[in-house]
Amino acid sequence: MQTASTPTHCPYCALQCGMNLSPLPQGGVEVTERADFPVNRGALCGKGRTAPAVLSSGVRLTSPLVRSGGALVPASWDEALDRVAAGLSSARTGYGPDACGVFGGGGLTNEKAYSLGKFARVVLGTSQIDYNGRFCMSSAAAAGTRAFGLDRGLPFPLEDIPRTGCVILVGSNLAETMPPSLRFFGELRENGGTLIVVDPRRTKTAEQADLHLAPRPGTDLALALGLLHLVVAEGRTDEAFIQERTAGWEDARAAAMAHWPEYVERITGVSVPQLREVVRLFCEPETAMVLTARGPEQQSKGTDTVGAWINLCLATGRAGRPLSGYGCLTGQGNGQGGREHGQKADQLPGYRKLTDPAARRHVAEVWGVDPDSLPGPGRSAYELLDALGTDIRALLLMGSNPVVSAPHAAHVEERLRSLDFLAVVDVVLSETAELADVVLPVTQWAEETGTTTSLEGRVLLRRRAITPPAGIRSDLEVLHGLAARLGVEKGFPTDPEEVFDELRRASAGGPADYSGITYRRLAEENGVFWPCPSVPGGEPDDGEDAALDAALDPAEADPVGEATEPDDPTGPTVHPGTPRLFLDGFATEDGRARFVAVSHRDSAEEPDAEYPLLLTTGRVVSQYQSGAQTRRVDELNAAAPGPFVELHPRLAARLGAADGDPLAVVSRRGRAVAPARVTTTIRPDTVFMPFHWPGEGRANTLTNPALDPTSRMPEFKTCAVRVEPVQP
């Protein structure tokens, strides 16, 4: 039995907190502190601490399932894989390659995401692939690429936050969504810096702020424009920075000047004195940052909203300089890496554009295929789900649960049910897996080695700590088996390091260049920031050696546990990675950042007489995303047992509702029922529901699939609703 603890990373959010997994005498593992990882320094939230609970055979899937007589029943791997191959082949033969869809997830490792994109385009020949990360960071990614020429969640490490002068945190409740990160903001304030939180609710994060703004949901764009108006009016622009390092200022300035403070106050509900105070606190220090999360991003105008906050940074010289800049707090565990290596509808590995002929040639050469054989861009995530059962007849879904997580979820569930064939690859029997024709059980984070990329752009190595149960295969083995059955015998290795080495070659020269990163470096350096191109003559050997084997799998280590010697300092050098982007120039053709002229516009759905309130959605500390895993952990369920409707006392009084009374929230798309939670921490015109649960309390039954025209992000964060008491 393995006795050494294994250093690895949490399976949940994009912090990718470091942890050790230590074997238990009775079997399994427990989480112990790993203080050497700088992001969390040993601290973990309840989700990370209890993560091994999902490894239990009583919680997770342990055998393939196939549908027989209307029910899912156990089957052999050969039967299950044969059925999946037949279902995909039938759709492709009968209706063409694009009748096959592939839907991935932001929790997949880089190796899995890369292989899934390759499988869709090389084996199936389909353009119809996207992933659930479209629902998370796509608006910030689009805005960042438009302004800076490159999207990486944070262009600086988290350790820079305590040393800046001011942070505006827009639409993030990180005290609940990524609790270990809160210490960086506490240290900011201890060092004399200022924290400003923008959120319609007075969340646990807002309680830590020096100033809390509570705008009406859907008005973050107007708020940012009003702040920029005041920056100009008060003479606080950095004219030298604008002149030397940006383009497009005049048009952006003119658009902002149309949003005078009193007008913005009427739209947002944020008072003019508060607006002026934000400008003072942001502009007086020499350095400052703006960080956004899902609040401003999950809107039908999310790209322009993030763009307006970027404009504020550029106009004040708070970008491309040490301890300053705009950043996005990426949500999912591999939300960053998952959007870089090919499972997005319009993308090839290395964050290359699928429409770029040079990118197609490069990746096709790595894959050994004709560039002309690669399909073009396909549908975005919601549009793909909406096309199920009509244009798309068979779907391979890996690591996602859209029955709970997608907007207009009842409609998405109906589309899934209408498919000719559905295969789900997952670790648990999620609500989506329950609808499948075939369910394939796969290994989890502690049972496999692979890489993820954190919200900092730090590529990390997750290490295998335990052997998976008999009857479980890895996602890479699943894709290998399916590819072989569909006529592609080579090109889908099952060893994650072999896949990563191919990913390195495919990403070389691209915006997200991983070519200088190896498993050895990740094991020895505690992660490497991309871009990290290869240096001729400077890459470590890719061959096996005892030191690398020990770093990847402590079970194979020498029991003495001696530390390995560092590489010879006189030998070839390697690229150190890039913790801080844009200090010498932005990733545009001329090195200048781009202002984009944007103007406020209403949300896709505004309140009216029939639906007079606004609904906003979010997360709670003890559950994660669709809850497919966390709802199976007793300790987490005890802390967060089910959905609720958060509402202001004034609204509760009008409804005659008290704490705990069942309330129906009704939108144009459906009805959800959950108990009332009455609190003064929310606006009187707004109600809040967490989105982790299925059934009658499913918040995404209500949400609006209206899409941002650039990012194709649905408008999760605001829609018109009414609230009604539920009669006994």
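Q: In what order do the strands of the open sheet lie, and what is the pairing?
A: Strands are DSSP runs of E, at least two residues, and helices are runs of H or I, at least four, numbered from the N terminus. Two strands pair if DSSP finds at least two bridges between them. In this predicted model, three strands form an open sheet, ordered β19-β20-β21, with antiparallel pairing. β19 (450–453) and β21 (528–529) are the edge strands, each pairing on one side only. Four bridges join β19 to β20 (residues 458–462). T451 stands opposite L461 in β20.

Q: What should I know about the numbering and the limits of the model?
A: Residues count from 1 along each chain as its sequence is written. The model is predicted: local features need pLDDT of at least 70, side-chain atom pairs count only at pLDDT 80 or more, totals for chains, interfaces and linings use all residues, and side-chain values use heavy atoms, without hydrogens and water.

Q: Which residues have the most contacts inside the largest nonpolar core?
A: A nonpolar core is a set of buried Ala, Val, Leu, Ile, Met, Phe, Trp, Tyr and Cys residues joined through side-chain atoms within 4.5 Å. The largest here has 82 residues; F148, I168, F282, W309 and Y326 have the most contacts inside it. Helix α7 (residues 220–233) gives the largest share, nine residues.

Q: Is F241 buried or exposed?
A: Buried means under 20% relative accessible area, exposed over 50%, partly exposed in between (1.4 Å probe, protein chains only). F241 is buried, because its relative accessible area is 1%. F241 sits in helix α8 (residues 239–245).
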